[in-house]
Amino acid sequence: MTVMVTGGAGFIGANFVIDWLAAGGEPVVNFDKLTYAGNLENLAALKGNPAHIFVQGDIGDYAEALKLFTTHRPRAVLNFAAESHVDRSIHSPGEFIQTNIVGTYHLLEAVRAYMATMSAAEKTAFRFLHVSTDEVYGSLSFDAPAFTENHTYEPNSPYSASKAASDHLVRAYHHTYGVPVLTTNCSNNYGPYQFPEKLIPLMIHNALNGKPLPIYGDGLNVRDWLYVGDHCTAIRAVLAGGALGETYNIGGWNEMSNIDVVHTLCDILDREAPRKDGASYRTQITFVPDRPGHDRRYAIDATKIDHALGWKPEETFETGIRRTVRWYLDNETWIGNVTSGAYRDWVAAQYR
Ligand code: NAD
Ligand code: DAU
């Protein structure tokens with residue numbers, strides 16, 4: 001018995017695979033294209049572990065996906081693979097359309113063909129879990145209630161529009177073809193192995209390298225932060241007990257403005273890795289022009305997953321962010337490699 005994880009060399013996928021195997025889960029077939037965001041170093045802890053089978057490939061490659069399904073016969077497919085960075089989607093939406101929409105379509109088609117080869121018992125047990133985002137719901141005003149699963153889809157960036165389209169495809173494959181799907185819509189994650197293009201690791205990296213800490217607009221945009229390990233336990237709970245065709249919102253009950261997040265990071269770094277000149281890292285904060293179409297506020301109402309599946313986040317922001325800063329301080333080589341491009345050179349040579 002195996003499960004397949006797509007995008008398992010990225011930030012959340014790698015955390016998921018490591019946690020899954022540590023918790024005694026079945027062997028994982030990890031299917032990842034290794035884009036700039038995918039990094040085998042994230043999976044170094046699993047080196048030599050026969051329960052981790054890594055295959056480099058594209059979810060948009062129907063034939064390869066189907067071959068992997070029929071070879072390994074996974075009892076579940078967890079789809080993390082995506083282009084995930086909003087700013088990149090603004091500069092070049094094409095890859096987002098290709099992977100998040102077209103890629104998900106090909107993966108679903110491969111699942112449909114795989115299901116045709118299943119016994120009745122395999123079909124009953126099988127699950128396709130699609131990992132999505134709260135950004136599909138659009139932007140909230142400061143006093144609006146948090147997003148529930150019934151909120152209308154109002155995506156505003158090419159990234160969120162592509163994720164919304166993938167959610168709709170997943171829903172349609174359940175409704176039309178009976179594919180046993182589950183969808184999760186999660187808020188902003190932070191934690192180990194996050195690529196330093198996203199707010200929290202970017203700020204840590206820039207602070208330690210004496211660079212400006214660029215805050216978009218007025219810094220008052222609000223996000224609902226969740227420690228990545230809590231996202232992983234939520235996904236396991238949905239896979240184990242989620243009702244077919246349902247969606248589950250996942251969030252940290254932890255709304256914070258960007259400027260408050262960055263102040264918190266600066267204060268932790270001032271204690272853990274003080275600047276040589278004795279000044280606070282806060283002096284590196286710089287306000288820069290806003291992201292086009294910048295969503296003002298996201299907030300997740302995670303009542304459904306709590307009541308239906310008994311899931312709640314374990315980390316508070318205070319504990320999670322301290323662990324995260326510590327991880328980045330202790331893993332300078334990792335951050336050096338992902339920011340220097342040396343890692344990509346290594347993969348190109350290794351997989352030539
Ligand atoms: P990431 O960018 O760190 O990793 C994405 C991974 O997918 C990489 O390993 C990459 O190589 C792989 N990939 C990209 N295109 C692929 C393709 N065509 N075929 C196979 N693999 C491909 O992303 P992340 O932050 O880990 O996000 C994972 C998933 O969770 C995404 O679907 C994202 O939309 C969703 N999500 C992210 C957050 C967050 O805060 N980061 C929050 C909610 C939901
Ligand atoms: O809400 C879930 C989403 O969270 C995920 O679906 C996305 O994959 C993930 O990237 C994240 O999207 P955001 O756009 O919210 O994350 P990001 O880290 O890029 O930005 C967080 C906030 O910080 C946002 O309001 C923009 C702001 N920001 C970001 C960067 C990179 C800055 O002010 N300065 C920056 O340099």
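Mentor: Let us begin with Val 222, which touches Phe 142, Glu 255, Met 256, Ser 257, Arg 296, Arg 297 and Tyr 298, residues up to four places away in sequence being left out; a contact here means heavy atoms within 4.5 Å. The model is a predicted one, in which local features need pLDDT of at least 70, side-chain atom pairs count only at pLDDT 80 or more, and totals for chains, interfaces and linings use all residues, while side-chain values rest on heavy atoms, without hydrogens or water. Residues are numbered from 1 along each chain as its sequence is written, with chains lettered from A and ligands numbered from 1 in the order in which they are written.

Val 222 belongs to strand 9, residues 222–227; helices (H or I, at least four residues) and strands (E, at least two) are DSSP runs numbered from the N terminus. Its relative accessibility is 9%, so Val 222 counts as buried. Buried means under 20% relative accessible area, exposed over 50%, and partly exposed in between, with a 1.4 Å probe and protein chains only. The C-alpha atom of Val 222 is 28 Å from that of Val 338, and 116 residues separate the two along the chain.

One of the partners of Val 222 is Phe 142, which sits in the loop between strand 5 (127–133) and helix 6 (158–177). Phe 142 is partly exposed, at a relative accessible area of 48%. Leaving out residues up to four places away in sequence, Phe 142 is in contact with Leu 220, Val 222, Arg 296 and Arg 297. Arg 297 is 155 residues from Phe 142 along the chain, yet their C-alpha atoms are separated by 6.7 Å.

From here, consider strand 10. Asn 249 lies in this strand, which spans residues 247–250, and Asn 249 is buried, with a relative accessible area of 0%. The side chain of Asn 249 forms a polar contact of 2.8 Å with the side chain of Tyr 137. A polar contact is a pair of N or O atoms within 3.5 Å; within protein, one must be able to donate a hydrogen and the other to accept it, and residues adjacent in sequence count only if both atoms are side-chain atoms. Beyond four places in sequence, Asn 249 touches Tyr 137, Phe 147, Thr 148, Glu 149, Asn 185, Ile 300, Asp 301, Ala 302 and Ile 305. The loop between strand 10 and strand 11 (255–257) holds Trp 253, a residue other than glycine whose phi has a positive value near 50°.

A further site is Glu 197, in the loop between strand 7 (188–190) and helix 7 (199–208). Glu 197 has 13% relative accessibility and is therefore classed as buried. Its side chain makes a polar contact of 2.9 Å with the side chain of Tyr 36, and another polar contact, of 3.5 Å, links it to the side chain of Lys 198. Apart from neighbours within four places in sequence, Glu 197 is in contact with Tyr 36, His 85, Arg 88 and Leu 202.

Now turn to the earlier part of the sequence. Leu 34 is in the loop between strand 2 and strand 3; Leu 34 is buried at a relative accessible area of 13% and, although not a glycine, has a positive phi of about 60°. Gly 25 is in the loop between helix 1 (11–22) and strand 2 and is partly exposed, at 24%.

Helix 2, residues 62–72, has Glu 64, Ala 65, Leu 66, Leu 68 and Phe 69 as its buried residues. Those residues pack against strand 1 (2–6), strand 2 (28–32), strand 3 (52–56), strand 4 (74–79) and helix 4 (94–115).

Of its 352 residues, 53% are buried. Among contacts between residues at least 6 apart in sequence, 80% join residues at least 24 apart. Along the principal axes, the C-alpha atoms fill a box of roughly 65 × 50 × 35 Å.
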